[in-house]
Amino acid sequence: MSDVLDQAPPDAAPASGAAKAPRPLPLAGVRVLDVSQVMAGPYSCMLLGDLGADVIKIEPPGTGDQTRGAMGFKMKGPDSMGFLNMNRNKRSVALNLKSEAGREAFYELVKTADILVENYRPGVMKKLKCDYETVRAYNPRLVYASISGFGQTGPWAGRPGFDLMAQAMSGVMSVTGHPGGPPVKAGVPVADIGCGLFATYAVLGAYIGAKNTGEGQYIDASLFEAALAFSVWDISEYWGRGTEPIPLGTANRMTAPYQAVKSQDGYFVMGATSQKLWLQLCETLERPDLAADPRFTTIPDRLDNREALIAELEKTFATRTSDEWVEALLAVGIPAGTMYTYPQAFESEHGRHRQMRMEIDHPHEGKVSNIGFAVKLTGTPQQVRLHPPLLGQHTDDVLREIGLDEAAVESLTQRGAFAP
């Protein structure tokens, strides 16, 4: 589909003082085929939909995206809250890609698309005859992204793609938790979401390239590599010093003090990350002895003696509450923050101001909560244009949009295109 340009016809000069027409969303006119399930692929496609793309979610008839039935608790309708938070601004087409008729309909959709994102295990799309080499014959400008656990080539390519395995095998879990403790994964799916973000960056770059050259390309994204890409500080220490990174709890391997510390009523986080801030911290705590202690003179000294440093600081932090210390430290320019739960963060004054919880109208749920837009575009703000779709909700509409008449749709139906 062609881009919608933000311009008026040459002879359509607005009257003096007339309000300027709203600008279209950045990806208005771009069509995306979301042939993915669970998290990384659906998340990437949702971001494209938030920016205005026409995202058509291709789902197996009968079951749909696996996430529709996930999470172990029931909503009013058949779809999970997880599905509802990764699939807004999409239309659903239920299509059996295992059938010849289903593939015929799929190829017709490919002809109209700009971007395709899939996350089946390597080799599956080829067996379905829906791989890049097959579909590019129908649309040479198509940008085709494959998301997998470990990439399309290499010794681990055939392994299932799950965030937990990617965290373990990328080294992320080796630096998460506390020294000497059991393995701990990151509390959020960094490999899944990270891969979704990297895939989005890649498909947008490739789409711009295709606009200039008329040629699409294939993108190979993996959870393993996405997780590795977050290792900047840890692997830099290893490559620079030859010291294998270890878990540090909430601490930081580049500076100290920079971590959670215990107060009178719990924990809060703070960071005196420069020499200036360190001296300011000593002054604020009325602890000139810390500034004079040779164990804590420089950042390297403080890193080498981190445990002793935190023990000394917590002697003073124990005299006041977390909120009191956060207020006092912020007042003198030292970064500090309260440790919130997710509910507290979303419902905080700042979280509400930044609109990080949205309410979306849904035919089964009434109002359903969604995570808000993580970045804000000021000229063309993202919009919720479509609620997370019901399974197959838009099949008929989309097929007619691409030029299939009633007889063609009936023929495809009789040949199993839309049945499990």
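Here is a friendly walk through the structure above, one region after another. Keep in mind that this is a predicted model.

Let's begin with a sheet. Strands of a sheet pair through backbone hydrogen bonds, and the pairing can be parallel or antiparallel. Here, three strands make up an open sheet in the order S7-S8-S9, and the pairing is antiparallel. Strand S7 (258-262) and strand S9 (336-338) stand at the edges with a single partner strand each, so one side of each has no neighbour in the sheet. From one strand to the next, the twist averages 25°. Between S7 and strand S8 (residues 267-271) there are five bridges, in the antiparallel sense. To find one of these pairings, look for Val261, whose bridge partner in S8 is Phe268. Now look for helix H13 (residues 306-317), which lies across S7 and S8 and runs at about 45° to S7.

Pro257 sits in the loop between helix H9 (232-241) and S7. The peptide bond that joins Ala256 and Pro257 is cis, with omega at about 0°. Pro257 is also one of the residues touched by Trp278, a residue of helix H10 (residues 275-284). Is Trp278 buried or exposed? With a relative accessibility of 1%, Trp278 counts as buried, because buried means under 20%. Besides Pro257, the contacts of Trp278 beyond four places in sequence include Ala272, Leu290, Phe296 and Arg302. Leu309 and Leu313 are also among them. For a sense of scale, compare Trp278 with Gly205: they are 73 residues apart along the chain, and their C-alpha atoms are separated by 42 Å.

Next, follow the chain back to helix H1 (residues 40-50). Ten of its eleven residues are buried, so the rest of the structure largely encloses H1. Among the buried residues are Tyr43, Cys45, Met46 and Leu48. After H1 comes Gly52, which has a positive phi near 110°.

Met71 has a relative accessible area of 48%, so Met71 is partly exposed. Glu286 is not a glycine either, and its phi is positive at about 55°. Glu286 belongs to the loop between H10 and helix H11 (288-292). At 68% relative accessibility, Glu286 counts as exposed.

Now for the aromatic rings. A pair of them is described by the distance of the centres and the angle of the planes. How many aromatic pairs does the structure hold? There are twelve. In one of them, the ring centres of Tyr132 and Tyr218 are 5.6 Å apart and the planes stand at 35°, so this pair is tilted. Because Tyr132 lies in helix H5 (residues 132-135) and Tyr218 in strand S6 (residues 218-222), the pair ties together parts that are 86 residues apart in sequence. Tyr132 counts as buried at 8% relative accessibility, whereas Tyr218 is partly exposed at 32%.

Another pair, Trp156 and Phe224, is edge-to-face, with 5.4 Å from centre to centre and 80° between the planes. Trp156 lies in the loop between strand S5 (143-148) and helix H6 (163-170), and Phe224 lies in helix H8 (residues 223-229), so this pair ties together parts that are 68 residues apart in sequence. Trp156 is partly exposed at 33% relative accessibility, while Phe224 is buried at 17%. Elsewhere, ring pairs link Phe106, Tyr107 and Tyr138 into a cluster.

The last stop is Ser369, in strand S11 (residues 366-371). Ser369 counts as buried at 18% relative accessibility. Which residue makes a polar contact with the side chain of Ser369 through its own side chain? The partner is Arg357, at 3.0 Å. Beyond four places in sequence, Ser369 touches Met81, Asn85, Arg357, Met358 and Glu359.

How values were computed
Residues numbered from 1 in each chain as written. Predicted model: local features only at pLDDT ≥ 70, side-chain atom pairs only at ≥ 80, totals over all residues. Heavy atoms only, no water. Pairing = 2+ DSSP bridges. Helix = DSSP H or I, 4+ residues; strand = E, 2+ residues; numbered from the N terminus. Axes fitted to C-alpha atoms, helices over the stretch in contact; angles between N-to-C directions. Contact = heavy atoms within 4.5 Å. Buried < 20%, exposed > 50% of the residue type's maximum accessible area, 1.4 Å probe, protein only. Polar contact = N/O pair within 3.5 Å; in protein donor to acceptor, adjacent residues only side chain to side chain. Phe/Tyr/Trp six-rings, centres within 6.5 Å; stacked < 30°, edge-to-face > 60°.
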